[in-house]
Amino acid sequence: MPTYVGSCYCNEITYKITLSSPDEARTSICHCRNCRKWFGSAYGITTKIPLSSLQITSGTTTKHESDNGSGTNLFREFCGTCGSGILEYGEHAKGEWRYVTYGTLDEKGQEELKPKGEFFCKSRREWVQPVPGAFQKREIKE
Ligand SMILES: [Zn+2]
Ligand SMILES: [Zn+2]
C-alpha cells in the first residue's frame, strides 16, 4: 500500500497517508477567492484523500471554521506555530474526506500525486496557464 508523509514548515505537525492505490487520491487546483486568501497565493492546491487514510503522526492542528461568504461551513486546519495550512474541507466532506495541502507533502507525494483537475477556472488569474491534461471546471468544488 502506498504511503505518503508530509509536514508543516516547522515540522511540528507531521502526517502519514496510507492509500490502497495512488488513484484513491485526487490532487486539484482551486482558483476561488477563499482558496487564494487562505493559501496566500494565486490559487490553492490540495490532495483529496479519504479521512480514514490520514494519520496525524505528531502535533495538533489549529482549527478555523467559518462559511466566509461561501454559504457553507468551511474548515481549515493549520500549524499554530509556523502557520502552514495542512487541511481543508467543507461541511459535506467533513465526515468522509480531507483535502491535504499539496505543498506540505514530502517529495514522493508531490511527485506521484499530480493535479487531475482545476476548479473555479472562471476566477483564474489571466497569467496562470491551465494544467495540461487536467479537467477544467468553471466553478464547483464538491
Ligand atoms: Zn509548523
Ligand atoms: Zn477554492
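User: Which strand holds Gly117?

Analyst: This is a predicted model. In it, Gly117 belongs to strand β10, which runs over residues 115-119.

User: What does Gly117 touch, leaving out residues up to four places away in sequence?

Analyst: Gly117 touches Ser28, Ala134, Phe135 and Lys137. Gly117 and Pro132 are 15 residues apart in sequence, and their C-alpha atoms are 9.5 Å apart in space.

User: How should I read the sheet that contains β10?

Analyst: Start with the general idea. Strands of a sheet pair through backbone hydrogen bonds, either parallel or antiparallel. Now the case here. Eight strands form an open sheet, in the order β6-β7-β8-β9-β4-β3-β10-β11. The pairing is mixed.

User: Which strands stand at the edges of that sheet?

Analyst: The edges are β6 (62-66) and β11 (135-136). Each has a single partner strand, so one side of each is left without a neighbour in the sheet.

User: How does β6 pair with β7?

Analyst: The two strands pair in the antiparallel sense, over five bridges. Strand β7 covers residues 74-78. For one bridge, look at Thr62: its partner in β7 is Phe78.

User: How many of the five residues of β6 are buried?

Analyst: The number is zero, so β6 lies largely in the open.

User: What is the order of the strands in the three-stranded sheet?

Analyst: The order is β1-β2-β5, in an open sheet with antiparallel pairing. The edge strands are β1 (3-7) and β5 (54-58), and each pairs on one side only. From one strand to the next, the twist averages 25°.

User: Where can I see the pairing of β1 with β2, residue by residue?

Analyst: These strands pair in the antiparallel sense over five bridges. Take two positions. Ser7 stands opposite Thr14 in β2. Tyr4 has Ile17 as its bridge partner in β2.

User: Which residue of the β1 and β2 hairpin takes a positive phi?

Analyst: Look at Asn11, with a phi near 75°. The hairpin has six residues between its strands.

User: How do I find the largest nonpolar core, and which residues have the most contacts inside it?

Analyst: The general idea first. In soluble globular proteins, nonpolar side chains tend to be buried together. Here, the largest nonpolar core has 17 residues. Those with the most contacts inside it are Ile13, Ile17, Cys79, Ile86, Leu87, Val100 and Leu105.

User: Which elements give two or more residues to this core?

Analyst: They are β2 (14-18), β8 (85-90) and β9 (97-101). Strand β8 gives the most to this core, with three residues. Apart from this core lies another, of five residues, among them Ile29, Cys30, Phe119 and Phe120.

User: What is Ile13 in contact with, beyond its neighbours within four places in sequence?

Analyst: Its contacts are Ser7, Cys8, Ile56, Ser58, Gly59, Thr61, Cys79 and Ile86.

User: How many helices and strands does the protein have?

Analyst: It has two helices and 11 strands. Along the sequence, the pattern is β-β-β-α-β-β-β-β-β-β-α-β-β.

User: What share of the residues is buried?

Analyst: Buried residues make up 29% of the 142.

Methods:
Residues numbered from 1 in each chain as written. Chains lettered and ligands numbered in written order. Predicted model: local features only at pLDDT ≥ 70, side-chain atom pairs only at ≥ 80, totals over all residues. Core = buried A, V, L, I, M, F, W, Y, C linked by C-beta atoms within 7 Å. Buried ≥ 20, exposed ≤ 12 C-beta atoms within 10 Å, placed from the backbone. Helix = DSSP H or I, 4+ residues; strand = E, 2+ residues; numbered from the N terminus. Contact = placed C-beta atoms within 7 Å. Pairing = 2+ DSSP bridges. Axes fitted to C-alpha atoms, helices over the stretch in contact; angles between N-to-C directions.
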